[in-house]
Amino acid sequence: MGYVLHVRVIEATDIAKMDANASDPYCILKTSSETQKTRVIQNSMHPRWNQEFHFNITSPTVGSLNIKMKDKDMIKDDDMASIDIQLCSLPFGQVIDQWYDMIPCKKVKKGGRIHLTLHMAMQGQAPFVSAPVAQPGGYPGAYPGAYPGAPVGYPQAGYPGAPAGYPQAGYPGAPAGYPQAGY
């Protein structure tokens, strides 16, 4: 089973001025197995890339996405800022669209902020489209395998440690397929 991390690098703001008037920023995106980069935005303090990247991921709970913003120069590109996003922090199947604070690199006064859209998904799932949560019997917010209608995160019916008052396996009127008392 494969996973894909979809990343849309939208824009950045409040970045450091690396040249006389502005910067020529671009971003390098890395996972444990792949490296990709945005195009360079010339002479800008508010670069807008609006570029999408797709990374094959072995496990959605291990590793990170590292983004380093650099300033393009004639001889050697300067490091500006970076951010490291743990893959396990991304809710699986859901699209996250938010601003992230970047950490300034050595000898740089400020890191700025970067606007990203992130989506950890199964291979074959449409990018940047939140997946519906698996729901037995079509009950919204149900926990897979739980008593129908149980909010997400509630233990299964009859599960040891179920809250007091929570329906137990074998309760009177249990839906078909649920174990009955005495069986």
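**A Guide to the Strands and Core**

Tyr 3 has a relative accessibility of 15% and therefore counts as buried. Residues are called buried under 20% relative accessible area, exposed over 50%, and partly exposed in between, with a 1.4 Å probe and protein chains only. This is a predicted model, in which local features need pLDDT of at least 70 and side-chain atom pairs count only at pLDDT 80 or more, whereas totals for chains, interfaces and linings use all residues. Residues are numbered from 1 along each chain as its sequence is written, and side-chain values use heavy atoms, with hydrogens and water left out.

The ring centres of Tyr 3 and Phe 92 lie 5.7 Å apart and their planes meet at 85°, so the pair is edge-to-face. Rings of Phe, Tyr and Trp (its six-membered ring) pair if their centres lie within 6.5 Å; planes under 30 degrees apart count as stacked, over 60 as edge-to-face and the rest as tilted. The two partners are 89 residues apart: Tyr 3 belongs to strand S1 (residues 3–13), and Phe 92 to the loop between strand S6 (78–86) and strand S7 (95–101). Phe 92 has 39% relative accessibility and so counts as partly exposed.

The wider chain can now be described. The protein chain has nine strands and zero helices. Helices (H or I, at least four residues) and strands (E, at least two) are DSSP runs, numbered from the N terminus. Of the 183 residues in the protein chain, 39% are buried.

Five strands form an open sheet, in the order S3-S2-S5-S6-S8, with antiparallel pairing. Its edge strands, strand S3 (35–37) and strand S8 (103–104), each pair on one side only. Two strands are said to pair if DSSP finds at least two bridges between them. S2 and S5 are joined by six bridges, with Leu 29 having Ile 67 in S5 as its bridge partner. Three bridges link S2 to S3, and these strands form a hairpin with four residues between them. At the other end of the order, S6 and S8 pair over two bridges; here Ala 81 has Pro 104 in S8 as its bridge partner. Five of the six residues of S2 are buried, so S2 is largely enclosed by the rest of the structure.

What lies in the largest nonpolar core? This core has 28 residues, and those with the most contacts inside it are Leu 5, Leu 29, Leu 65 and Ile 67. A nonpolar core is a set of buried Ala, Val, Leu, Ile, Met, Phe, Trp, Tyr and Cys residues joined through side-chain atoms within 4.5 Å. The elements giving two or more residues to this core include S1, S5 and S6. S1 supplies the largest share, five residues.

Ile 67 is placed in strand S5 (residues 64–71) and, at 0% relative accessibility, counts as buried. Beyond residues up to four places away in sequence, Ile 67 touches several others, including Leu 29, Ala 81 and Leu 116. Contact means heavy atoms within 4.5 Å. Leu 5, with neighbours within four places in sequence left aside, is in contact with residues including Phe 53, Leu 65 and Met 120.
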